[in-house]
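This report goes through one protein model, from a single helix to the whole chain. Please keep the sequence and the coordinates at hand while reading.

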Amino acid sequence: MALHRLWRVSSLLRSAVSVTLRRNIGLSAVVFNKAKDLDPVQKLFLDKIREYNTKSKAAGGVVEAGPAYQKNLTEEMTKLQRLFGGGDLTMFPQFKFPEPKLEEVTTK
């Protein structure tokens with residue numbers, strides 16, 4: 001009987017703690033979002049990232065990359081193709097694993 005009561009009390013406590021934690025996490029997330037809007041350093045950082053993103057899309061790659069960058073990139077790609085046997089190094093490789101041929105074993 002006492003064990004049953006203890007079990008009921010513990011389940012009530014667990015559910016109360018769970019509800020309290022959910023409410024506190026939800027409230028702190030709202031407060032954190034409002035505080036985030038007020039931070040000027042973070043706003044400046046996000047503005048720079050967004051600016052770089054638009055420049056990157058307009059340039060079609062790395063922003064303000066000069067001829068030295070392009071030359072270095074082609075040299076490195078040539079080295080990698082020579083080391084790893086060619087192929088398109090800008091794509092993820094396709095792996096093919098054939099099914100192994102298994103022989104049936106009979107017991108006597």
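## Helix α3

Helix α3 has 18 residues, which at 1.5 Å a residue should span 26 Å, and its end C-alpha atoms are 26 Å apart, in agreement. The expected span of a helix is taken as 1.5 Å times one less than its number of residues. Helices here are DSSP runs of H or I of at least four residues, strands are runs of E of at least two, and both are numbered from the N terminus. Just after α3, G85 takes a positive phi of about 80°.

Helix α3 covers residues 67-84 and includes Y69. Y69 is partly exposed, its relative accessible area being 36%. The classes used are buried (under 20% relative accessible area), exposed (over 50%) and partly exposed (in between), with a 1.4 Å probe and protein chains only.

## Model and confidence

The model is predicted, so local features need pLDDT of at least 70 and side-chain atom pairs count only at pLDDT 80 or more, while totals for chains, interfaces and linings use all residues. Residues are numbered from 1 along each chain as its sequence is written, and side-chain values use heavy atoms, with hydrogens and water left out.

pLDDT is the predictor's confidence in each residue, on a scale from 0 to 100. The protein averages a pLDDT of 80, and 79% of the residues score at least 70. Where pLDDT is low, the predicted coordinates should not be read in detail.

## Overall make-up

The protein has 3 helices and 0 strands, and along the sequence the pattern is α-α-α. Of the 108 residues in the protein, 2% are buried. The accessible surface comes to about 10,900 Å², and carbon and sulfur atoms account for 64% of this. Accessible areas come from the Shrake-Rupley method with a 1.4 Å probe; for residues, only the protein chains shown count as cover.

## Nonpolar patch

Y69 also belongs to a nonpolar surface patch of about 360 Å², made together with Y52, V62 and L73. Patches are built from residues with over 30% relative accessible area and no salt bridge; nonpolar side chains (Val, Leu, Ile, Met, Phe, Trp, Tyr) are joined within 5 Å, and like charges within 9 Å.

## Salt bridges

The structure holds 5 salt bridges, each defined as a side-chain nitrogen of Lys or Arg within 4 Å of a carboxyl oxygen of Asp or Glu. In helix α2, D47 and K43 are 4 residues apart, about one turn of the helix, and their side chains meet in a salt bridge at 3.3 Å, N to O. D47 is partly exposed at 35% relative accessible area, and K43 is partly exposed at 49%. K43 and D47 are linked with R50 in a network of salt bridges.

K55 and E51 are likewise 4 residues apart in helix α2, separated by about one helical turn. Their salt bridge has its closest N and O atoms 3.4 Å apart. K55 counts as partly exposed at 36% relative accessibility, as does E51 at 34%. In helix α3, E76 and K79 lie 3 residues apart, about one turn of the helix, and form a salt bridge with the closest N and O atoms 3.1 Å apart. Both ends are partly exposed: E76 has a relative accessibility of 36% and K79 one of 38%.

## Aromatic pairs

A search of the whole structure finds 2 aromatic pairs. In the pair of F92 and F95, the ring centres are 6.1 Å apart and the planes stand at 80°, so the pair is edge-to-face. In the pair of F95 and F97, the centres are 6.4 Å apart and the planes are at 20°, so the pair is stacked. Rings of Phe, Tyr and Trp (its six-membered ring) pair if their centres lie within 6.5 Å; planes under 30 degrees apart count as stacked, over 60 as edge-to-face and the rest as tilted.

F92, F95 and F97 form one aromatic cluster. F92 is exposed, with a relative accessible area of 66%, and F95 is exposed at 57%. F97 is exposed as well.
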